[in-house]
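Visitor: I have a chain open here and would like to talk it through with you. Could we start with the charges and then move on to whatever comes up?

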Amino acid sequence: MTEPLRGQLLVVGTPIGNLEDLSPRALRALSDADAILCEDARVTAKLAARFSLSAARLSCPGPREKGRVAELLRRLERGETIALVSDAGMPGLSDPGEHLVAAAAAAGYPVRVVPGPSASAAALAISGLSAVPHLFLGFLPARAGERRRFLEGVRDRKETLVWFEAPHRLVESLEQAAETLGPRRACVARELTKVHEEAARGTLPSLAAEFRSRGEGRGEVTVVIEGNREVPAAMPEEDVDREVRRAPAAGQEKRAIARAIALRSGRPAREIYARAVALDRREAGRGAKHPTKDS
């Protein structure tokens with residue numbers, strides 16, 4: 001008995017600027033695919049012309065992604081190999097793709113990745129800031145009020161922050177970031193892998209002033225900002241002792257108590273544990289010196 005054909009979905013990373021960054025494996029995947037699902041077929045047409053790709057190109061922008069699920073599953077059922085690409089970089093990272101991937105996986109079809117360039121990874125690599133850990137935020141909200149509230153929500157995060165920004169909103173977002181996050185170190189990466197690639201580094205206020213003086217630029221931008229490095233003031237020792245004395249009523253173990261208090265006190269858990277043990281000994285000593293009437 002002949003086994004039924006088994007379709008597969010290939011998630012393929014494509015260049016973020018320089019077409020020479022298309023890997024041999026990605027080229028082979030796109031050449032062998034029965035169809036290519038594109039964020040914008042007109043953008044992918046440039047890639048197809050450069051590398052003589054003949055597979056049918058199906059437009060799949062974000063608003064239409066869910067509407068493409070049924071067709072994708074029909075093609076996979078027929079045993080086709082479908083390549084999923086975005087305009088640049090990896091599908092699903094602030095680009096369409098997650099719904100198609102989830103649907104194919106849920107239906108039991110193989111979903112494989114052919115990794116490629118990523119603007120967020122490239123910007124982190126040349127920013128001069130710590131990449132581990134980092135928090136990728138996609139695109140910030142377009143409206144100023146929503147963007148300010150969003151920035152306030154990540155103000156205390158310790159991770160390096162990474163987001164994409166449109167050129168016409170760059171100055172405003174940098175100014176809001178400077179106002180909300182303070183004078184942190186940052187990097188604005190533009191035109192990555194292209195002829196005019198740039199990584200402007202400085203503090204948020206200085207970068208906001210620099211790009212305001214330049215005027216509006218072109219192309220998508222990746223912003224990298226250092227995380228919150230402020231160390232909270234340590235809780236006074238008498239307050240730590242008060243917290244330790246209060247905690248046993250909850251029936252917690254001393255080490256668990258120490259870890260919990262450390263999170264809000266700015267003091268090491270081992271120091272708090274040692275203080276808890278010392279307090280117990282002092283309390284026990286007082287009890288021995290002052291026996292009850294029944295003893």
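Guide: Gladly; in this chain the mean position of the 46 positive charges and that of the 40 negative charges are 4 Å apart. Please keep in mind throughout that this is a predicted model.

Visitor: Okay, and what does the secondary structure of the chain come to?

Guide: The chain comes to eleven helices and ten strands. Its radius of gyration is 28 Å, whereas the globule rule gives 19 Å for 295 residues, so the chain is more spread out than a compact globule.

Visitor: What box do the C-alpha atoms fill?

Guide: Taken along the principal axes, the C-alpha atoms fill a box of roughly 95 × 70 × 35 Å.

Visitor: How much of the chain counts as buried, and what does the chain expose?

Guide: Of the 295 residues, 42% count as buried. The chain exposes about 16600 Å², and carbon and sulfur atoms supply 51% of that area.

Visitor: Where do F136 and F164 lie?

Guide: F136 lies in strand β6, which covers residues 134-139, and F164 lies in strand β7, which covers residues 160-165, so the pair ties together parts that are 28 residues apart in sequence.

Visitor: Are those two buried or exposed?

Guide: F136 has 29% relative accessibility and counts as partly exposed, while F164, at 10% relative accessibility, counts as buried because the limit for buried is under 20%.

Visitor: What about F139 and F164?

Guide: F139 and F164 also form an edge-to-face aromatic pair, with 5.6 Å from centre to centre and 65 degrees between the planes. Since F139 lies in strand β6 and F164 in strand β7, this pair ties together parts that are 25 residues apart in sequence. F136, F139 and F164 form one aromatic cluster.

Visitor: Staying with F139, how accessible is it, and what is it in contact with?

Guide: F139 is partly exposed, with a relative accessible area of 34%. Leaving aside neighbours within four places in sequence, F139 is in contact with S94, F164, E165, A166 and E220. As for E39, which is 100 residues away from F139 along the chain, the C-alpha atoms of the two are separated by 17 Å.

Visitor: S94 turns up there; where is it found, and what is its phi?

Guide: S94 is found in the loop between β4 (81-85) and α4 (98-106), and it has a positive phi of about 65 degrees although it is not a glycine. At 31% relative accessibility, S94 counts as partly exposed.

Visitor: What about S52?

Guide: S52, which is not a glycine either, has a positive phi of about 55 degrees. Its place is in the loop between α2 (41-51) and β3 (56-59), and at 64% relative accessibility S52 counts as exposed.

Visitor: And which peptide bond is cis, going into P133?

Guide: The bond from V132 to P133 is cis, with omega near -5 degrees, and P133 has its place in the loop between α5 (119-127) and β6.

Visitor: One more topic: where does A186 lie, and what does it touch?

Guide: A186 lies in strand β8 (residues 185-190) and is buried, with a relative accessible area of 3%. Not counting residues up to four places away in sequence, A186 touches L129, A200, R201, G202, L204, L207, V224 and I225. The C-alpha atoms of A186 and G227, which are 41 residues apart along the chain, are separated by 9.7 Å.

Visitor: And D241, is that buried or exposed?

Guide: D241 is buried, with a relative accessible area of 10%, and lies in helix α9 (residues 237-246). Leaving aside neighbours within four places in sequence, D241 is in contact with R275 and L279.

How values were computed. Residues are numbered from 1 along each chain as its sequence is written. This is a predicted model: local features need pLDDT of at least 70, side-chain atom pairs count only at pLDDT 80 or more; totals for chains, interfaces and linings use all residues. Side-chain values use heavy atoms; hydrogens and water are left out. Helices (H or I, at least four residues) and strands (E, at least two) are DSSP runs, numbered from the N terminus. The radius of gyration is taken over C-alpha atoms; the globule rule is 2.2 Å times the number of residues to the power 0.38. Buried means under 20% relative accessible area, exposed over 50%, partly exposed in between (1.4 Å probe, protein chains only). Accessible areas come from the Shrake-Rupley method with a 1.4 Å probe; for residues, only the protein chains shown count as cover. Lys and Arg count as positive and Asp and Glu as negative; His and the chain ends are not counted. The place of a charge is taken as NZ of Lys, CZ of Arg, CG of Asp or CD of Glu. Rings of Phe, Tyr and Trp (its six-membered ring) pair if their centres lie within 6.5 Å; planes under 30 degrees apart count as stacked, over 60 as edge-to-face and the rest as tilted. Contact means heavy atoms within 4.5 Å.
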